[in-house]
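Then let's walk through it together, one piece at a time.

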Amino acid sequence: MPAGINQDVAEDKSTAALKKNMKEFKSVTDWTVQAVGDYVANSGFPDLAPKFMAHKIDGSVLYYLGREELIEVGVTCVGDRLKIQRQIGQLQTQARAEFRNAVTWEALESRVTCCLGWEACFGFPCCWCQPPREVYRLTRSSLRVEYYDLKNNCCGMWCGGRLTIDNWELETIVDVDTATDNPRACTVCDYPRSSVEVTNRKDSVVRMFLKIDEADAVQQAIRDAVAEAKIRIMQPGGAGLAML
């Protein structure tokens with residue numbers, strides 16, 4: 001079998017091992033010594049797995065293995081050492097992406113109901129003109145808001161619309177406020193909802209409409225996420241591996 005095919009098979013096993021461990025653990029830094037040993041073995045180095053385990057290499061130190069550390073572990077073959085270093089680099093990249101893109105909060109736009117409990121009455125008297133609910137999603141790196149711009153406000157989604165996505169990097173956010181919104185669902189009732197207003201460096205503002213008792217908690221979650229994102233950027237290299 002050609003050497004290139006062997007290499008592809010080894011890389012496929014490495015990817016499969018990574019995906020398996022990713023499902024079992026929230027973060028690579030949480031991997032146990034056994035998990036790291038399994039990853040090394042499934043990556044094409046079954047003879048080296050016991051050496052990693054003997055030196056108690058777990059996920060918290062896996063990222064920091066360099067040439068000298070690998071030699072001390074017992075990886076004396078230059079080819080194996082370079083392959084392992086490359087795989088650790090790939091592991092770092094994928095784990096960083098997993099960390100940055102992990103959803104920490106998400107919700108749909110809250111729409112008030114009328115006194116009969118009918119959400120369909122939202123926006124009365126033009127109940128049929130309303131677009132689909134907005135979608136809000138917060139990760140460790142960004143705040144995403146999805147909403148529709150209707151082509152014709154008089155016929156709602158019947159005339160189609162354009163999906164717009166605002167995706168803000170957390171480090172660009174400068175202010176997070178809350179407010180109370182009181183859209184009337186009908187002429188005899190008035191059910192309030194809360195909103196979180198987020199402002200970025202360009203003074204652009206996005207509003208997220210939530211249930212009346214949710215705004216404070218969401219405001220704090222966004223502020224905490226922004227603070228953590230800025231801390232990671234200030235760390236050496238900007239990668240913030242220690243935060244993983």
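Start with Trp31: its relative accessibility is 1%, so this residue counts as buried, the cut-off being under 20%. Keep in mind that you're looking at a predicted model, so every value here is computed from predicted atoms. What does Trp31 pair with? The structure holds one aromatic pair. Trp31 and Tyr39 make it up, with ring centres 5.5 Å apart and planes at 55 degrees, so the pair is tilted. Why tilted rather than edge-to-face? Edge-to-face needs planes over 60 degrees apart and stacked needs them under 30, so an angle of 55 degrees falls into the tilted class. Tyr39, too, is tucked away: its relative accessible area is 5%, so it counts as buried.

Now follow Tyr39 into its helix. The buried residues of α2 are Ala35, Val36, Gly37, Tyr39 and Val40. Take Gly37, which sits in this helix: at 2% relative accessibility it falls under the 20% cut-off and so counts as buried. From Gly37, look across to Lys56: the two are 19 residues apart along the chain, and 9.4 Å separates their C-alpha atoms.

Next, the empty space. Rolling a probe the size of a water molecule over the atoms shows where space is left unfilled. How many cavities of 30 Å³ or more does the structure hold? One cavity reaches that volume, and about 70 Å³ of space lies in the largest cavity. Tyr39 turns up again here, in a lining that also takes in Val40, Ser43, Phe45, Phe52, Leu62, Ile84, Gln87 and Ile88. By type, the lining residues split into seven nonpolar and two polar, with no charged ones.

You've already seen Ile84, Gln87 and Ile88 from the cavity side, as part of the lining.

Buried along α7 are Ala215, Val218, Gln219, Ile222, Ala225, Val226, Ala229 and Arg232. Where do they sit around the axis? They cover an arc of only 155 degrees, which puts them on the same side of α7. On the other side, Asp216, Ala217 and Met234 are exposed.

Finally, step back to the whole chain. It has seven helices and seven strands, and read along the sequence they run α-α-α-α-α-α-β-β-β-β-β-β-β-α. Of its 244 residues, 37% count as buried, and Trp31, where we started, is one of the buried residues.

How values were computed: Residues numbered from 1 in each chain as written. Predicted model: local features only at pLDDT ≥ 70, side-chain atom pairs only at ≥ 80, totals over all residues. Heavy atoms only, no water. 1 Å grid on protein atoms, 1.4 Å probe; cavity = no way out; pocket = protein on both sides within 12 Å on 5 of 7 lines; lining within 4 Å. Points joined across faces, edges and corners; volume = space filled by probe spheres on them. Nonpolar A, V, L, I, M, F, W, Y, C, P; charged D, E, K, R; others polar. Buried < 20%, exposed > 50% of the residue type's maximum accessible area, 1.4 Å probe, protein only. Helix = DSSP H or I, 4+ residues; strand = E, 2+ residues; numbered from the N terminus. Arc of directions from axis to C-beta. Phe/Tyr/Trp six-rings, centres within 6.5 Å; stacked < 30°, edge-to-face > 60°.
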